[in-house]
Amino acid sequence: MAKVNSSRDVYSRIFHKIREVVPDLLTIEESGKSEVEGYMDLNLDILHRRPDRIIIALSHYYRHPSGDMIPDPDMEIAMYPQRQAAEALTYQDCYSYRRVCGEGNATIDIRAKRDLNRFLNQWLTNLIAQGHRITPESDDNP
């Protein structure tokens, strides 16, 4: 029974850490960005929004010598505001792509789910320590 509670706790911790990094998550319409000197920019995209679930993408990108922008990492995350829970859906970097659900969302890769949520929880801890706070992007760029 404790294992069930601890896995629920990780989803709650992830939710609250995301809310710390993105305090305006419930009102950001499309995207946001955090720039902290000495660290890669952190990008947010709102991919899908319903009252019970918000799908977001969080990403760092760096410019490869070829000029291509490379994800390091780029994750899709499901947020459940009413339950105050969040979970990783996908992970991508320049070497790999992993997803929790199989084709058609019919099967769940338990190992990927555990690994991606563990990574996301630690990444969010690092982002908070680095001082990242995502704010809405505005069209008022000078």
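Accessible areas come from the Shrake-Rupley method with a 1.4 Å probe, and for residues only the protein chains shown count as cover. By that method, the protein chain exposes about 8800 Å². Carbon and sulfur atoms supply 47% of this area. The model is predicted, so local features need pLDDT of at least 70, side-chain atom pairs count only at pLDDT 80 or more, and totals for chains, interfaces and linings use all residues. Residues are numbered from 1 along each chain as its sequence is written, and side-chain values use heavy atoms, with hydrogens and water left out.

View 1. Helices (H or I, at least four residues) and strands (E, at least two) are DSSP runs, numbered from the N terminus. Along the sequence, the pattern reads α-β-β-β-β-β-β-α-β. Of the 142 residues, 39% are buried. Buried means under 20% relative accessible area, exposed means over 50%, and partly exposed lies in between (1.4 Å probe, protein chains only). Contact means heavy atoms within 4.5 Å. Among contacts between residues at least 6 apart in sequence, 46% join residues at least 24 apart.

**View 2. Seven strands make an open sheet.** Strands of a sheet pair through backbone hydrogen bonds, either parallel or antiparallel. Here two strands count as paired if DSSP finds at least two bridges between them. The strand order is S6-S5-S4-S3-S2-S1-S7, and the pairing is antiparallel. S6 and S7 (135-136) are the edge strands, each pairing on one side only. Look for Asp45, which stands opposite Ala57 in S3.

**View 3. S5 pairs with S4 and with S6.** Seven bridges join S4 to S5, and these two strands run antiparallel. Glu76 stands opposite Thr90 in S5. On the other pairing, S5 meets S6 (residues 97-99) over three bridges, again in the antiparallel sense. Tyr91 has Arg98 in S6 as its bridge partner. S5 and S6 form a hairpin with four residues between them. Six of the eight residues of S5 are buried, so this strand is largely enclosed by the rest of the structure.

**View 4. The S4-S5 turn holds Gln84.** S4 and S5 form a hairpin with four residues between them. Gln84 lies in the loop between these strands. Its phi is positive, about 50°, although Gln84 is not a glycine. The peptide bond from Asp72 to Pro73 is cis, with omega near -10°.

**View 5. The largest nonpolar core has 31 residues.** A nonpolar core is a set of buried Ala, Val, Leu, Ile, Met, Phe, Trp, Tyr and Cys residues joined through side-chain atoms within 4.5 Å. Ile18, Ile56, Ile77 and Met79 have the most contacts inside this core. At least two core residues come from each of H1 (2-21), S2 (42-49), S3 (54-63), S4 (69-80), S5 (85-92) and H2 (110-130). In soluble globular proteins, nonpolar side chains tend to be buried together. Which residues does Ile18 touch, not counting those up to four places away in sequence? Ile18 touches Leu25, Ile56, Ile77, Met79, Ala86 and Leu124.

**View 6. Asn121 sits in helix H2.** Asn121 is buried, with a relative accessible area of 14%. Its side chain makes a polar contact of 2.8 Å with the side chain of Lys17. A polar contact is a pair of N or O atoms within 3.5 Å; within protein, one must be able to donate a hydrogen and the other to accept it, and residues adjacent in sequence count only if both atoms are side-chain atoms. Leaving aside neighbours within four places in sequence, Asn121 is in contact with Val10, Arg13, Ile14 and Lys17.

**View 7. Tyr91, Phe119 and Trp123 form one aromatic cluster.** Rings of Phe, Tyr and Trp (its six-membered ring) pair if their centres lie within 6.5 Å; planes under 30 degrees apart count as stacked, over 60 as edge-to-face and the rest as tilted. By this rule there are two aromatic pairs. One of them joins Tyr91 and Phe119 edge-to-face, at 5.2 Å centre to centre with 80° between the planes. This pair links distant parts of the chain: Tyr91 is in S5 and Phe119 in H2, 28 residues apart. Tyr91 is buried, at 13% relative accessible area, whereas Phe119 is partly exposed, at 33%.
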